[in-house]
Amino acid sequence: MEIIRSNFKSNLHKVYQAIEEADFFAIDGEFSGISDGPSVTALTNGFDTPEERSSPDVKFVCQSSSIDFLASQGFDFNKVFRNGIPYLNQEEERQLREQYDEKRSQSNGAGALSYTSPNTSKCPVTIPDDQKKFIDQVVEKIEDLLQSEENKNLDLEPCTGFQRKLIYQTLSWKYPKGIHVETLETEKKERYIVISKVDEEERKRREQQKHAKEQEELNDAVGFSRVIHAIANSGKLVIGHNMLLDVMHTVHQFYCPLPADLNEFKEMTTCVFPRLLDTKLMASTQPFKDIINNTSLAELEKRLKETPFNPPKVESAEGFPSYDTASEQLHEAGYDAYITGLCFISMANYLGSFLSPPKSHVSARSKLIEPFFNKLFLMRVMDIPYLNLEGPDLQPKRDHVLHVTFPKEWKTSDLYQLFSAFGNIQISWIDDTSAFVSLSQPEQVPIAVNTSKYAESYRIQTYADYVGKKREEKQMKRKWTEDSWKEVEPKRLNTQCGSYSLQNHHYHANSLTATSTVGKRNLSPSRAEAGLEARASGEISDTELEQTDPCAEPLSEGRKKAKKLKRMKKDLSPTGSISDSSAKLFEVPDTW
């Protein structure tokens with residue numbers, strides 16, 4: 001079922017009902033990974049850290065090659081802009097509601113936008129000299145209206161917001177009963193005030209009608225965010241394929257801006273979506289890794305229709321047309337989300353074949369799929385396959401990696417020539433003048449570094465030295481910032497009424513130093529079966545990844561936003577109970 005701006009409101013109850021009845025949700029944002037800049041490869045370097053890969057990049061860009069591709073697939077660009085559903089994030093919604101409340105109380109702080117409340121103001125309003133003539137003319141027109149037996153309404157000329165506020169304040173004091181005041185718009189979007197003679201009963205009726213209309217307008221403005229909030233508040237499993245950017249954009253667009261710190265991003269994301277599962281990571285992990293050669297969504301969907309998998313049979317509800325996987329509609333977000341859900345069901349059910357007795361259906365609440373929760377696939381990172389939202393990320397040993405700087409004119413062939421004596425190498429460009437080069441044999445690293453000691457055009461250093469220097473630069477920058485605050489703090493305290501703790505104005509750059517404590521795991525089916533037997537006898541207990549303790553520092557903005565989200569989402573805990581045994585049969589490994 002296609003829902004656009006024109007039918008969103010009328011079908012919202014169906015969406016809520018579907019969310020209530022669903023076991024899990026599959027999402028997809030079409031072409032959410034467009035990037036720009038002089039060196040696009042710098043944004044997807046093979047030796048990025050999770051913190052570097054997750055840094056926010058707030059842009060709206062149109063990439064010509066992507067636009068060409070979407071056009072060739074029949075993408076309707078007019079529909080995006082003409083029929084797209086509006087939305088607000090939580091901060092924008094809060095501000096809009098505050099503006100609404102302020103308008104309702106603009107009549108000297110106690111009246112209402114749509115009516116003049118009795119006894120609102122008990123003293124005359126102070127009118128600026130340049131507005132006295134204008135207000136006097138308005139009062140004169142209202143006096144004529146009240147004395148007229150024929151006229152019941154008076155339309156004032158369009159005026160400024162300040163003038164409208166003066167009118168509301170003046171009328172709430174001068175005419176506490178007998179009139180109704182309302183602001184309307186002309187076809188040219190000019191605002192003007194309408195004054196009507198009403199009795200108390202009619203005034204209350206119009207007040208309620210106006211209030212209901214404004215609440216409806218507020219909800220319309222919130223728009224599609226209401227759906228995202230309903231999904232998040234359900235606590236149910238949300239599934240995507242290679243979904244890191246989908247998750248980042250969803251949190252940013254519908255909740256609040258992403259923090260710069262990785263740990264704060266993790267905390268914020270798990271607050272919004274407590275259970276996420278990436279089918280690309282799942283397909284890249286045992287027991288699927290050995291029997292699935294291609295994890296792209298289209299190829300994965302085809303492979304999961306074959307033995308040993310059993311594709312699910314989909315029956316659509318009456319009146320709701322379904323996608324037909326026989327006629328691919330790839331690169332339409334709805335279709336991609338649909339087959340993502342089918343892929344998850346096929347892989348989850350396959351895990352059930354390792355149980356004794358086997359189960360043909362594994363639910364989204366099963367302990368069998370818990371090892372894949374909250375681990376998001378990282379594209380093109382050579383030795384960190386996923387971002388772990390619930391604990392420290394993998395800390396690969398990069399003692400075979402070199403950082404090389406060189407002239408801008410150099411090309412890949414120049415780097416291969418430079419390292420020709422060291423056998424096979426892998427090159428990951430950082431920018432026009434630097435790259436990471438990984439050697440096949442770590443013991444050759446000191447030799448390679450020594451070759452550049454007397455070179456004039458290039459420099460080679462170990463990966464550890466490179467990271468160490470970056471850390472020093474970061475610490476120096478933070479220290480400079482802190483020292484700067486220490487210098488300006490006394491001056492600031494002298495010029496402000498309130499006092500604040502100095503530490504609240506420091507910039508904190510938390511580095512990820514914790515390492516995973518989980519050992520290597522053999523995840524072959526035979527080992528899984530042995531685990532089943534041990535589970536049956538009660539010999540295996542759950543294993544958990546250790547999590548870093550929160551630092552005893554003032555909350556940064558990103559963490560404050562995450563805490564605020566937690567307060568706003570009291571119903572975030574997952575619904576339903578898990579009936580499976582607690583033993584984990586399959587675990588995402590800490591080495592790849």
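**Rings and backbone**

Modeller: F436 is buried, at 4% relative accessible area. Keep in mind that this is a predicted model.

Biologist: Which ring does F436 pair with, and how are the two arranged?

Modeller: F436 pairs with Y466 in an edge-to-face arrangement, with 5.3 Å between centres and 80 degrees between the planes.

Biologist: Is Y466 buried or exposed?

Modeller: Y466 is buried, because its relative accessible area is 16% and the cut-off for buried is under 20%.

Biologist: Where do F436 and Y466 sit in the fold?

Modeller: F436 is in strand 11 (residues 434-439) and Y466 is in helix 17 (residues 463-495), so the pair ties together parts 30 residues apart in sequence.

Biologist: How many aromatic pairs are there in the whole structure?

Modeller: A search of the whole structure gives 15 aromatic pairs. One of them is Y350 with F354, edge-to-face, at 5.4 Å centre to centre and 85 degrees between the planes.

Biologist: Are Y350 and F354 buried or exposed?

Modeller: Y350 counts as buried at 14% relative accessibility, and F354 is buried too, at 8%.

Biologist: Which cluster are Y350 and F354 in?

Modeller: Ring pairs link Y350 and F354 with F288 and F309 into a cluster.

Biologist: What about charges over rings? Which residue lies over the face of F377?

Modeller: K280 does, at 5.3 Å from the ring centre of F377.

Biologist: Changing topic to the backbone. Which peptide bonds are cis?

Modeller: The bond joining Q286 and P287 is cis, with omega about 10 degrees. Another cis bond runs from S356 to P357, with omega near 0 degrees.

Biologist: Where are P287 and P357?

Modeller: P287 is in the loop between helix 12 (279-283) and helix 13 (297-303). P357 is in the loop between helix 14 (333-351) and strand 7 (375-377).

Biologist: And phi? Which residues other than glycine have a positive value?

Modeller: N242 has phi of about 55 degrees, and R380 has phi near 60 degrees.

Biologist: Where are N242 and R380?

Modeller: N242 lies in the loop between strand 5 (237-240) and helix 10 (244-254). R380 is in the loop between strand 7 and strand 8 (386-388).

Biologist: How exposed are N242 and R380?

Modeller: N242 is partly exposed, with a relative accessible area of 25%. R380 counts as exposed, at 56%.

Technical notes
Residues numbered from 1 in each chain as written. Predicted model: local features only at pLDDT ≥ 70, side-chain atom pairs only at ≥ 80, totals over all residues. Heavy atoms only, no water. Phe/Tyr/Trp six-rings, centres within 6.5 Å; stacked < 30°, edge-to-face > 60°. Buried < 20%, exposed > 50% of the residue type's maximum accessible area, 1.4 Å probe, protein only. Helix = DSSP H or I, 4+ residues; strand = E, 2+ residues; numbered from the N terminus. Lys NZ or Arg CZ within 6 Å of the ring centre and 35° of its normal.
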